[in-house]
Each structure stands twice: as C-alpha cells, then as structure tokens.
Amino acid sequence: MNNSIGNISAIAKRELKGFFASPVAYVFIVIFLLLSGFFTFMAGFFFERGQASLKPFFDWHPWIYLFLVPAVGMRLWSEERRLGTMELLLTMPITTWQAIVGKFLASWLFLGLALFLTFPIICTVNYLGTPDNGVIFCGYVGSLMVSGAYLAITSMTSAMTRNQVISFIISVVICLFLILVGFPPVTNFLINVLRAKSGVVETITSFSIITHFDGFQKGILDMRDIVFFLSVIVFSLFSTGVIIRSHRAG
Amino acid sequence: MIKVQNLRKTFGPKVAVNGISFNVDKGEVLGFLGPNGAGKSTTMRMVTGFIPPTAGKITVGSFDIIEKPLEAKRLIGYLPENAPSYTDMTVHGFLSFCAEIRGLRGDAKKKAVSRAVEMCFLENVLYQSVETLSKGYRHRTCFAQSIIHDPEVLILDEPTDGLDPNQKHEIRTLIKRMGEKKAIIFSTHILEEVDAVCSRAIIIDRGQIVANGTPEELRSKSQSSGAVTVSVQGSSSTLVAQQVGQLSLARKVSIVSETNGRAVVRVTASEPSPDHDLARSIADLARKEGWKLEELHTEEGRLDEVFRSITRSDVKEVK
C-alpha cells in the first residue's frame with residue numbers, strides 16, 4: 001500500500017511539474033479567473049442582485065468548466081501515446097491504475113488551486129454583507145466535484161486517441177450532455193412538448209451535473225450528490241483503464 | 001534470467017510473432033536481428049510486459065510477466081524503440097522521476113541519477129529540457145533511464161539507432177561492459193554490431209526464429225564462408241585455376257585478376273570448414289607445383305549474406 005502511494009505521488013508530482021513547466025497552467029488560471037469574474041459581475045449581476053450570496057458566481061461554473069477542464073485534461077493520455085512515453089510508463093513497476101489515479105489527482109489538484117485563487121470573491125462578499133459562509137463552502141466543494149467529474153471524463157476520452165483535439169471535442173460533448181439533461185429549458189421541453197411522465201424526466205435529470213450541483217449551492221452536502229459525482233469519477237477512471245488495456249492488447 | 005516459451009502474438013488476422021522460444025542467461029548479450037516488421041519490437045514489448053502475449057510464457061528472473069508483472073518489471077530496464085521521454089522535463093528531472101518510480105528515494109536516488117548520468121555522458125545537458133536536445137542526447141537520456149536502477153535484465157530496442165559513429169561506439173562499449181553481469185537483449189539492423197557486442201544472435205523473420213547461434217556460427221552459414229583467395233607470381237591464371245579446381249574440397253573456381261604476371265584466383269569451398277582445410281591443401285599443391293605463393297586468405301563468411309539468404313523481406317529483390 002505504501003508502495004502504491006509512493007508511485008501515485010511520484011506520477012502526480014511529475015504531472016504537476018509538467019503543468020507549470022508549460023504555459024498551460026498560467027493560461028488556464030488567468031482565463032479561469034477572468035471568465036469567472038466576468039460571468040459573476042457582468043452576466044450574473046452580482047451587485048444588482050443586492051444579495052450577499054455567491055449564487056451568481058457558482059451558477060456559471062459548470063459552463064466555464066465545460067471548456068476549460070477538457071483543455072487541461074485532454075493531454076493526460078493522448079500526449080503519452082503521441083510521445084511514446086506510455087510504453088515507458090507502463091513497463092515501469094507500477095500498475096495502470098496507479099498511473100491513472102496519479103495523473104487524475106495531479107490535474108484535480110491543479111483545478112483546485114485555480115478554484116482556490118477565486119478567494120477574493122469571498123472577501124468581497126463578506127465585506128459587502130454577511131453571507132452564509134457554510135453555503136459558500138458547500139458551493140466550493142460542489143464546484144470541485146463538478147471539475148473532478150469533467151476531468152475524469154476527459155481522462156477517458158484522452159485515453160481513446162493520440163489526437164488532443166478529438167479528445168477535447170468528445171469530452172466537451174459528453175460534459176455538455178451531462179449539463180443539458182438537467183438544464184431547465186431541456187427538462188421543460190421534455191415535460192411540455194414530449195409529455196414525458198414525471199418519473200421518466202426525473203430519471204433523466206438525475207444524470208445531470210446541474211441537478212446535483214444545485215444541492216451544494218443551497219448549502220446541502222447531500223450524500224446522494226457526493227455519491228453521484230464520485231461514481232462519475234470512478235466510472236470514468238475505470239473506463240480509462242479498460243481503454244488503455246485494450247490498446248495494449250492490440 | 002529471461003525465459004521465453006512458444007510466444008505468440010496476433011493482431012486481428014495478422015500474426016506478428018509465431019512461436020518464438022529462447023533463453024538468455026546472466027552474462028549473455030543476445031542480439032535480435034531481422035528485417036523491419038519481423039516481430040522484434042513486438043517480442044520485446046511482450047517480454048517487458050507492455051503488451052500481453054496471445055499465447056506462450058515469459059519468465060523474467062523467477063517471475064512470470066503476466067502473473068507477477070510488478071516483480072518482473074522491477075528486474076527489467078527497458079529502452080523502447082525511438083527512445084521516448086517527457087519532452088517538457090529537464091534531463092535531471094526526467095531521470096529523477098524514473099528513479100522515484102523505481103522506488104529509489106533520497107540519497108539512493110541521487111546516487112542512481114548521477115551514476116546513470118556519468119555512464120551515459122549526460123553531464124553537459126543535465127539541466128536542459130529534453131525538447132532542446134539533439135537526437136543522440138535524447139537517445140542517451142532514455143538509455144540512462146533504463147539503467148538507472150542497475151537492473152539485472154536489460155532490453156534495448158535499437159539502442160544505437162540514429163546515433164553518430166562515435167556515440168554508437170560508446171553505447172556498444174557500454175552494452176558490452178554491462179553484458180558481463182547482466183542478461184541483455186538488444187535488437188539492431190546493423191550487423192557489425194552483432195559482431196562487436198553479442199555473445200549470441202537470433203535472426204527473426206515473419207515472427208519466427210530462423211537462426212540462432214554465436215556470431216561465428218551464423219557467419220559459417222554464409223556461402224562465402226571458407227572461400228580462399230590465392231595469388232601466385234609467375235604462373236598463368238588459367239593453369240592455377242585448373243589445378244586448384246581438381247582439389248576435392250574446391251567447389252567453384254573463378255579467376256579474379258591477372259596483372260604483371262600475378263594471378264589471383266578465388267576458390268569456394270565445397271563445404272564450410274572452420275579449420276582452413278582448403279587453404280592447407282592449396283598450400284600443399286603450390287609446394288608440389290613450385291608456385292611462388294604470395295597470398296593465401298580464407299574468408300570468414302559475412303553476416304549480411306547470411307541475413308539476406310535466410311530472411312525474405314517484403315521487398316522484392318531487383319535483379
């Protein structure tokens with residue numbers, strides 16, 4: 001066990017160094033902060049609402065992540081395949097899942113760091129009013145969960161191809177699907193136009209990122225929401241392993 | 001150290017490796033020869049545990065690569081074809097990472113890195129990013145990675161590919177030196193390398209072993225092996241050729257040249273004999289006939305001839 005933690009941390013460390021050795025990390029952080037600021041204040045009417053809450057801030061996260069997380073994760077495995085380092089990595093005395101988890105955790109940690117750098121907004125909202133900081137904390141946890149789910153999906157698509165662009169597009173589409181099934185216009189369409197039964201609609205929307213992220217935004221740490229995100233992550237990482245294995249088997 | 005039995009690998013309908021078996025012991029350097037697409041790299045990838053075999057058994061040390069992959073991989077150092085490495089890292093960073101993955105920490109890690117750096121002459125580029133390195137340096141960086149944990153088994157896929165003659169020489173010397181204590185498999189297209197480094201060579205063609213032996217044994221399979229060139233002063237070449245052709249060991253005689261009364265004749269042996277029998281009988285004949293013998297040379301046979309005669313590549317021969 002000790003051994004596998006050592007291996008995972010060695011891989012995660014390398015991956016993190018890789019982020020900061022290239023401009024990817026800095027570009028991502030700057031763009032992420034700019035976008036989240038823009039959406040919160042301009043499109044989310046943070047001031048006009050006159051409420052001390054970060055709802056307009058978190059509301060946009062699934063959409064911002066939709067493009068930025070696949071951009072971070074698309075190189076995870078496709079780059080290894082393109083460079084041929086996958087052969088090197090998988091002939092080292094480590095298991096495939098250690099490599100997958102190590103890479104995933106490194107990228108997630110990086111996304112977490114970018115998210116952490118939005119802390120001025122907490123200061124702002126606390127300066128302007130008296131928000132419920134527990135709700136804000138839950139929002140952050142939820143936001144981290146969303147980015148983790150997207151990242152795991154991107155890890156899976158990245159293992160499929162050596163082409164980063166293809167990996168990016170496929171993961172955006174999958175993530176978009178997970179947003180849209182719970183997006184009010186789409187659920188309304190299902191109910192009003194297709195006259196779907198409420199049970200069916202509920203089943204479909206229960207696959208949505210939005211539905212499960214809502215709970216966090218309201219300040220509820222619901223076990224079901226956490227389980228949903230964790231199972232998306234575990235399933236996607238497991239699929240990553242299956243895809244890598246099938247490539248090796250030829 | 002390495003035991004391969006009836007190894008088979010198919011990709012869909014295509015059979016890449018078809019029933020290969022061999023052993024490599026400690027202190028042996030096994031050369032892997034064969035035309036492109038013969039199955040050399042596929043075999044090595046299976047031995048290192050990168051791709052699973054369709055059938056067959058591979059044991060490294062005392063561990064089966066399928067059942068105990070981690071234990072087996074720990075014993076192996078591997079240089080894949082084209083020597084991949086993380087281009088965004090420095091040489092030092094890359095080697096440290098590899099050492100860490102091999103379970104080396106702290107002082108042991110530092111020592112391992114500096115030893116590998118020294119052995120592969122990488123001091124000058126230690127803190128340069130791999131991206132900026134020339135092909136030779138990249139190759140040696142990846143080679144350094146394979147020996148960082150001082151493995152008992154070393155598997156090298158075309159270790160001298162793309163290097164300049166000096167670098168080739170360095171790598172060969174390195175392989176030869178390490179071959180005294182390790183079990184090494186390396187693949188190559190360059191036949192002189194086999195002579196320079198290998199204690200044994202295997203020629204693979206279309207997924208099967210077509211020859212297996214020491215470089216000397218392989219060479220003696222060549223048609224030109226045992227051929228003798230005679231040069232005689234003051235006798236006519238036709239006469240010499242005629243006389244020599246009557247020897248029982250001679251198969252074919254051809255006149256090479258006749259200039260300034262110096263006749264040069266080449267005789268191929270009817271059967272390959274390493275004992276220079278043909279040369280001796282020609283010397284006897286010359287003494288009897290009173291020829292002024294100037295040169296008598298037995299050819300050793302050429303590996304490339306053997307290689308060409310027993311492998312049939314996809315390229316049709318131009319006649």
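**Stop 1: a sheet in chain B**

Select strand β1 (residues 2–11) and strand β4 (residues 55–60) of chain B: 5 bridges join them, and they run antiparallel. Keep in mind that this is a predicted model.

Now widen the selection. Which strands make up the sheet, and in what order? There are 4 strands in an open sheet of chain B, ordered β2-β1-β4-β5, with antiparallel pairing. Colour β2 (14–24) and β5 (63–64) of chain B, which stand at the edges. Each has a single partner strand, so one side of each is left without a neighbour in the sheet.

**Stop 2: where chain A meets chain B**

Show both chains. Here 27 residues of chain A are in contact with 28 residues of chain B. The area buried between chain A and chain B is about 2600 Å², and carbon and sulfur atoms give 62% of it. Which residues of chain A lose the most area to chain B? Select A:Arg14, A:Glu87 and A:Pro93, which together account for 26% of what that side buries.

**Stop 3**

How many disulfides does the structure hold? The count over all chains is 0. Select B:Cys98: the nearest cysteine sulfur, that of B:Cys142, is 7.7 Å away. B:Cys98 is buried, at 1% relative accessibility.

Next, select B:Cys120. A disulfide needs the two sulfur atoms within 2.5 Å. B:Cys120 is also buried, at 1% relative accessibility.

**Stop 4**

Most residues other than glycine have a negative phi. Select B:Phe121, in the loop between α4 (106–119) and α5 (135–147) of chain B. B:Phe121 is not a glycine, yet its phi is positive, about 55°. With 42% relative accessibility, B:Phe121 counts as partly exposed.

Finish at B:Glu158, in the loop between β7 (153–157) and α6 (165–178) of chain B. B:Glu158 has a positive phi of about 50° and is not a glycine. Is B:Glu158 buried or exposed? At 11% relative accessibility, B:Glu158 counts as buried, because the cut-off is under 20%.

Technical notes
Residues are numbered from 1 along each chain as its sequence is written. Chains are lettered from A and ligands numbered from 1 in the order in which they are written. This is a predicted model: local features need pLDDT of at least 70, side-chain atom pairs count only at pLDDT 80 or more; totals for chains, interfaces and linings use all residues. Side-chain values use heavy atoms; hydrogens and water are left out. Buried means under 20% relative accessible area, exposed over 50%, partly exposed in between (1.4 Å probe, protein chains only). Two strands pair if DSSP finds at least two bridges between them. Helices (H or I, at least four residues) and strands (E, at least two) are DSSP runs, numbered from the N terminus. Contact means heavy atoms within 4.5 Å. Buried area is the accessible area (1.4 Å probe) that two parts lose on being put together, summed over both.
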